[in-house]
Amino acid sequence: MFKQVVYVEEEIQDHPNTQRVLSFFKEAVIVSIRHYKDVFNQSGADWRVQKSAQKLILAKRSDQYYYKGSDITPSFGYRHFYYNTLALNCVYDCSYCYLQGMFTSAHMVLFVNTNDFITATRQLIQQVNEPVYMALSYDTDLLAIEAWYPYCAEWIAFSKTEPLLTIEIRTKSGNIQSLLKQEPHPGVVLAWTLSPDEIIMQHEPLTPSLMVRIRALRKVLDKGWRVRVCLDPVLAVPGWKAYYSGMIRTLATEIQLGQLDSFSVGVFRMNRQFLKNMQGSRSDSPLLFDRYVLENDVYSYTDDLQKEMYGFIRAELETYCQDLKITFT
Amino acid sequence: MKAVICFALLQEARPFIERADCKLVVQKKQLHYFSGNATDILVSGVGNLNMASAMGWLFGQNPEEKAVWNVGTCGGSQSAKHQWYRIIKVNGEADGRAFFPEVIRKSIFPFRELITLHAPANKMKLEQVAPALCDMEGYAFCRAAQSFVVSSRIHLLKWVSDDDGGAFYKSGEWKARYAEQVDAVLNEILSETVYLHEKEHQVSPDISIYLESINRKVTLTFTQREQLKNALFYARHYKQHTDLLEVIEQLPATLADRHQQKTAFIQLLKSLRDV
């Protein structure tokens, strides 16, 4: 993160949440902007160059406080499956990340009007009057930036007031201090994305190692939180079987797999246009140029390879525990 | 990638022309173009229109990769006089929009906003827009350049000459103060351009040698060329240079007909992806 400059929308310059975030960027020059899209959607940006000096944009979201879940994300059996975007883009730099194909900018936007998101979600729950599943951090990693603004703590507190609400906080972070300070709540699913170290080193720059992630999830698991392990995306890189087998062995050595709430397993898949955009901006990642097949506007591995990958992961997991709840995407 | 430093006035460009040892290569009315080893220098003439048309001329010249820098004097009411500033936001008075230069490294110069006007700003105007600085070309420079290059190649560095509408210019005393930090400004421009070049190219492994080698043997359609590029980007990551050449060598030197070409091409793609 390039901490010398922070862009702030005029309307929220005096917002207490803005001031809270800016207290972590004391050296920064504050550049006043009319709307976050003036910077975020500026034409002609080079994604990779921007990422090398990623800047923070503080903004107010004025609509679309949540979205219906995408067809290529698992809904975990919920009829009302939603996700929201409290932030756009991520501090990490995973080479397979769809955000590179979805947004033209690498800068990170944080929406500071968090109460508006919460109010809208409360209204949604009242409207449907059935269990609602809200994924908080698909377009970012909120736990990784919890020190800048306590989004996770705020939403955990909110979920405790809404019995029909289940929230998912998906992360690769080892930053669990704020979770350890709070009492566990069954309406919160902490979902850790795990990858073999070989893949972390090559394809997940800036993220914590496998062991840091496992130790973090073990600590919150021991405290009584619901924890899901996400093996998503599983990548068929050369040697993938040995990598994933080793990772699952490490995980099973560190924790009882049966203690986990569930597993979510998905192979690499990508919207056609996103993949095309990504290929244009980063030819350094072999992942983006692998042999994929296009089906329903989504690129992924061939059916045979997908079956092989899912079968392999299931068999590896069941080596250590037979009675696991595994969702395949 | 070459840095092209763009000025409104020849007097502003003069110390840079001398320090960078640039030679005049083109003169068309107000437009002057100087070329040097490390950098080129463009002088556009005063005002938005002159700058915009000079940028159009510049990018029409040759396809060489360029990063463009708008450098020169500006007015400022609450900013230190005779100080250089790195511009972080450029406001266009005419359309009320803004351009945000992509600063990618810590600058030795403080950051400021800039407002581009159509006429010299008097004292009252400068006070009204402070702490932003005022000039007469910056916004047109950015918008015109944006039509040709990515936004990370567009930058501005401005020197606060005065706070009273440009009267400083007549005395000529400003020149010595202006030239004092030419080395530091040039260093910022050149080092950042090198850094930018490295950043842009570190994500693009060079596959041109392999493409050319294959092109000599088979005539590829646009789609085949794209498929080949993808396979080469993939293979380049896993195979050594010599192994890749070996795979390409296996492609027969002469292929009789289209069917044979197609079969050979499919086999080549398969071999490239076989890791």
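Colleague: Which side chain meets A:E168 in a salt bridge?

Modeller: Good place to start. Side chains of opposite charge can pair when their charged atoms come close. In this predicted model, A:E168 pairs with A:R228, at 3.0 Å from N to O.

Colleague: What does A:R122 pair with?

Modeller: A:R122 meets A:E162 in a salt bridge, with 3.3 Å between N and O. This pair also links distant parts of the chain: A:R122 sits in helix α5 (residues 114-128) of chain A, while A:E162 is in the loop between α6 (151-159) and β9 (165-171) of chain A, 40 residues apart. For accessibility, take each partner separately. A:R122 has a relative accessible area of 33% and is partly exposed, whereas A:E162, at 13%, counts as buried.

Colleague: Which residues are linked in a network of salt bridges?

Modeller: A:R48, A:D93, A:R282 and A:D284 are joined in such a network. Over all chains, the structure holds 28 salt bridges.

Colleague: Now the interface. How should I read its size?

Modeller: The size of an interface is often given as the accessible area lost when the parts come together. Here, chain A and chain B bury about 2,900 Å² between them, and carbon and sulfur atoms give 56% of that area. Counting residues instead, 35 of chain A are in contact with 33 of chain B.

Colleague: How many salt bridges cross the interface of chain A and chain B?

Modeller: The rule finds one. B:E102 pairs there with A:K55, and their closest N and O atoms are 3.9 Å apart.

Colleague: Which elements of chain A give two or more residues to the side that touches chain B?

Modeller: They are strands β1 (5-9) and β2 (29-33), together with helices α2 (36-40), α3 (47-52) and α11 (272-281) of chain A. By class, that side of chain A has 14 nonpolar, 12 polar and nine charged residues.

Note on methods
Residues are numbered from 1 along each chain as its sequence is written. Chains are lettered from A and ligands numbered from 1 in the order in which they are written. This is a predicted model: local features need pLDDT of at least 70, side-chain atom pairs count only at pLDDT 80 or more; totals for chains, interfaces and linings use all residues. Side-chain values use heavy atoms; hydrogens and water are left out. Contact means heavy atoms within 4.5 Å. Buried area is the accessible area (1.4 Å probe) that two parts lose on being put together, summed over both. A salt bridge is a side-chain nitrogen of Lys or Arg within 4 Å of a carboxyl oxygen of Asp or Glu. Helices (H or I, at least four residues) and strands (E, at least two) are DSSP runs, numbered from the N terminus. Ala, Val, Leu, Ile, Met, Phe, Trp, Tyr, Cys and Pro count as nonpolar, Asp, Glu, Lys and Arg as charged, and the others, Gly among them, as polar. Buried means under 20% relative accessible area, exposed over 50%, partly exposed in between (1.4 Å probe, protein chains only).
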